[in-house]
Amino acid sequence: MKICVINSGGTIACVGAPLAPMSAEDFAANSRRLIEPVLTAMYPELELSWDTGLAFPNAATGTLDSTNLQPRDWCRIADYILEQYDRFDGFVLLHGTDSMDYTAAALPFLLNRVGCGGAGEALLSKPVIVTGSQVPMYARGEPDVLRFNTDAFQNLCGAVACARLGLPEVCVYFDARLFRGSRVLKVDASDFRAFDSPNYPPLGDYGIALDVDCARVLPGPADRSVSLADPAVRQRVRDRLAAITYGIDACTVMPLSAFPAAFDAAAGSAQMARLIDACVATGLKGLVLLGYGEGNFPSGNPDAPAEGAVYRALQAASEAGVIVVDSTQVIAGRQASSAYAAGAWLPQVGAIPSGDMTPVAALAKLMVLLAAAEHEGWARKDVERLFACNLVGEVSEAD
């Protein structure tokens with residue numbers, strides 16, 4: 001089985017003090033010398049390719065700390081996988097942890113294509129396993145050495161083991177657990193258990209043995225006519241991806257967290273309303289509201305929400321073409337703002353419910369849908385309907 005290991009950067013491939021990315025060539029050379037013998041001894045049928053072809057033009061080393069990744073870089077990674085698709089049976093993407101959850105959420109929407117009704121028209125047929133680490137893999141030396149007692153070695157080996165299974169979806173492997181990529185959140189800045197999937201159980205665990213619950217895994221394409229294994233299908237996805245790449249910078253979607261802020265109901269003013277107005281004035285195309293609890297958001301007037309400044313600001317944003325999503329800043333649980341008067345007003349300003357989707361997935365999903373709309377011929381109502389649908393396992397059900 002042929003597995004392609006793509007190095008985009010991140011802590012796993014950093015060296016020095018302060019930590020900075022090493023080149024993909026240096027990382028590949030170290031890995032062939034120190035990691036590959038272990039993996040091929042464990043899996044004799046395995047053929048590993050330590051790829052060095054993906055490069056980010058804004059970085060001198062070609063690799064990039066994920067803090068600096070842009071939405072256009074999600075497209076760059078997706079297109080590189082599609083370009084190499086025929087040559088390999090699976091892919092392992094090494095990535096920084098800072099924005100790994102964003103990339104893992106965006107890739108399924110970029111590598112799969114759905115029609116206006118939400119049905120899959122081009123579906124991933126091979127595994128893409130995203131991983132990284134909290135501690136670097138190597139230390140500089142003559143030659144470089146493998147660092148002792150880090151999560152880097154375990155995560156890389158575990159990701160390769162998962163890629164061998166052929167699961168047809170984008171996953172994150174971290175600290176002995178395999179997650180659906182569109183469901184993960186970074187939950188710890190320093191512990192090895194850095195990622196979790198609060199609203200969907202792990203697809204697998206690696207204890208004494210690698211145990212995957214196949215019932216939780218996406219089924220993949222039912223027919224070659226909708227599979228990326230077909231060159232014509234794959235080319236249609238690449239054509240769509242080119243259009244998304246061209247337009248995604250103009251489709252900014254911003255998260256806005258509720259926080260205790262000043263408002264004057266009698267005067268009809270609110271600090272949050274001014275923030276919304278200022279953001280919309282920049283050309284914003286989408287707004288993901290991170291409300292309290294189940295998605296409640298301050299309207300600017302507790303007794304008469306429709307007279308509140310925040311209500312009016314969101315209504316004006318929606319009327320100006322901004323798609324507003326109601327989500328929650330709480331890590332686990334389902335958005336259901338209609339349970340409280342403090343959130344029941346949000347549909348009146350056009351806010352779309354996000355269910356149990358993470359706010360990270362909501363942002364990535366909305367941005368990709370907006371960037372694809374012109375190419376696909378979608379109107380705003382189509383984008384809103386597709387956002388509410390479960391497209392790649394990112395949400396359990398519509399509200």
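**Figure 1. Arg113, Glu121, Arg240 and Glu376 of this predicted model are linked in a network of salt bridges.** A salt bridge is counted here when a side-chain nitrogen of Lys or Arg lies within 4 Å of a carboxyl oxygen of Asp or Glu. Side chains of opposite charge can pair when their charged atoms come close. Helices (H or I, at least four residues) and strands (E, at least two) are DSSP runs, numbered from the N terminus. Both glutamate 376 and arginine 240 are buried, where buried means under 20% relative accessible area, exposed over 50%, and partly exposed in between (1.4 Å probe, protein chains only). The structure as a whole holds 21 salt bridges.

The model is predicted, and local features need pLDDT of at least 70, side-chain atom pairs count only at pLDDT 80 or more, while totals for chains, interfaces and linings use all residues. Residues are numbered from 1 along each chain as its sequence is written, and side-chain values use heavy atoms, with hydrogens and water left out.

**Figure 2. Arginine 76 and aspartate 73 meet through their side chains in a salt bridge (3.4 Å, N to O).** Both residues lie in helix 3 (residues 71-83), three residues apart, which is about one turn of the helix. Arginine 76 counts as partly exposed because its relative accessibility is 29%, whereas aspartate 73 has a relative accessible area of 5% and is therefore buried.

Figure 3. With a relative accessibility of 38%, arginine 385 counts as partly exposed, while aspartate 382, at 7%, counts as buried.

**Figure 4. The largest pocket has a volume of about 340 Å³.** Of the 17 residues that line the largest pocket, Phe153, Gln154, Cys157, Gly158 and Tyr206 are the closest to its centre. The elements that give two or more residues to this lining are helix 2 (36-42) and helix 5 (151-163), and the largest share, seven residues, comes from helix 5. On a 1 Å grid over the protein atoms alone, a pocket is an open set of points where a 1.4 Å probe fits, with protein on both sides within 12 Å along at least five of seven lines, and lining residues have an atom within 4 Å of a point. The volume is the space filled by probe spheres set on the points, which are joined across faces, edges and corners.

**Figure 5. The largest nonpolar core has 73 residues, and Leu110 and Leu111 have the most contacts inside it.** A nonpolar core is a set of buried Ala, Val, Leu, Ile, Met, Phe, Trp, Tyr and Cys residues joined through side-chain atoms within 4.5 Å. Helix 10 gives the largest share of this core, 13 residues. Leaving aside residues up to four places away in sequence, leucine 111 touches Ala78, Ile81, Leu82, Ala122, Leu124, Val128, Val170, Leu228 and Val237, where contact means heavy atoms within 4.5 Å.
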